Amino acid sequence: MSLNFNQYAAEGNTFLKSYAQEMNLGEDRDKAGRILSSILHALRDIIPMEESLQLMAQLPMFLKAIYANGWTHIQNKKPKIKHMASFLDLVRAYDGPSAVNDFEFSDEVAEKYVRNTFLFLRKHVSIGELEDIRDGLPKGLKNMIFSNIIY
């Protein structure tokens with residue numbers, strides 16, 4: 001198998017452009033990338049390692065790189081996230097100082113980005129995998145995926 005980094009870059013740029021449009025961010029691929037990365041990293045922190053690996057197996061190479069970037073798995077350091085507000089706080093923490101602008105000081109906007117991200121990822125991840133992830137989430141987080149997997 002040969003690695004074609006130019007192809008991965010082109011696919012990644014096409015994905016980010018489409019994702020930015022889906023999120024109503026215009027042409028701001030930097031902001032789209034920060035939002036996507038923050039959501040994926042927060043998800044990665046709250047699901048089991050096995051589920052993360054199964055999810056990664058379905059992602060295209062450029063999304064695998066985003067998902068895995070900076071990942072250190074320490075079993076006993078998983079955050080106890082049980083509600084959407086806590087998950088959104090974790091997403092914002094991953095976004096760092098840009099979170100103030102990226103999520104517009106609004107839980108409503110942040111939650112919309114989370115839900116739309118999972119809907120958008122449906123193009124790359126099977127319904128079964130999304131159901132597995134959803135089933136492993138605490139009750140207060142299941143709806144971030146549940147409402148989107150039917151489509």
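**View 1. Phe5 in helix α1.** Phe5 sits in helix α1, which covers residues 5-22. The model shown here and in the views below is a predicted one. With a relative accessibility of 58%, Phe5 counts as exposed. Together with Leu3 and Met61, Phe5 makes a nonpolar surface patch of about 310 Å².

**View 2. Phe5 and its ring partner Tyr8.** Searching the whole structure turns up 7 aromatic pairs. In the one formed by Phe5 and Tyr8, the ring centres are 6.1 Å apart and the planes stand at 80 degrees, so this pair is edge-to-face. Both residues belong to helix α1, where they are 3 residues apart, about one turn of the helix. Phe5 is exposed at 58% relative accessibility, whereas Tyr8 is buried, with a relative accessible area of 18%.

**View 3. An aromatic pair between α1 and α7.** Here you can look at Phe15 and Phe120, an edge-to-face pair with 5.0 Å from centre to centre and 70 degrees between the planes. Because Phe15 lies in helix α1 and Phe120 in helix α7 (residues 107-121), the pair ties together parts that are 105 residues apart in sequence. Phe15 has a relative accessible area of 6% and is buried; Phe120, at 4% relative accessibility, counts as buried too. Phe15 and Phe120 also belong to one aromatic cluster with Tyr19 and Phe62.

View 4. How far apart are the end C-alpha atoms of α7? They are 21 Å apart, which agrees with the 21 Å that its 15 residues should span at 1.5 Å a residue. Several residues of α7 are buried, among them Val109, Tyr113, Phe118 and Leu121. Arg115 and Glu111 form a salt bridge whose closest N and O atoms are 2.5 Å apart. These two residues of helix α7 are 4 residues apart, so about one helical turn separates Arg115 from Glu111. Glu111 is partly exposed, with a relative accessible area of 22%.

View 5. The structure has 5 salt bridges by count. In one of them, the side chains of Arg34 and Asp102 meet at 2.8 Å, N to O. Arg34 belongs to helix α2 and Asp102 to helix α6 (residues 99-102), so the pair ties together parts that are 68 residues apart in sequence. Which of the two is buried, and which is partly exposed? Arg34 is partly exposed, with a relative accessible area of 30%, while Asp102 is buried at 2%.

View 6. Arg92 is found in helix α5, residues 84-95. At 18% relative accessibility, Arg92 counts as buried, because it falls under 20%. Its side chain meets that of Asp89 in a salt bridge of 3.6 Å, N to O. Arg92 and Asp89 are 3 residues apart in helix α5, about one helical turn. Asp89 is partly exposed, with a relative accessible area of 49%. The side chain of Arg92 also makes a polar contact of 2.6 Å with the side chain of Asp107. A network of salt bridges links Asp89, Arg92 and Asp107.

**View 7. Ser38 in helix α2.** Ser38 has its place in helix α2, which runs over residues 29-46. At 2% relative accessibility, Ser38 counts as buried. Ser38 and Glu104 are 66 residues apart in sequence, and their C-alpha atoms are 15 Å apart in space.

Note on methods
Residues numbered from 1 in each chain as written. Heavy atoms only, no water. Patch = residues over 30% accessible without salt bridge, like charges linked within 9 Å, V, L, I, M, F, W, Y side chains within 5 Å. Areas by Shrake-Rupley, 256 points an atom, 1.4 Å probe, with all protein chains shown as cover. Salt bridge = Lys/Arg side-chain N within 4 Å of Asp/Glu carboxyl O. Buried < 20%, exposed > 50% of the residue type's maximum accessible area, 1.4 Å probe, protein only. Phe/Tyr/Trp six-rings, centres within 6.5 Å; stacked < 30°, edge-to-face > 60°. Expected span 1.5 Å × (residues − 1). Polar contact = N/O pair within 3.5 Å; in protein donor to acceptor, adjacent residues only side chain to side chain.
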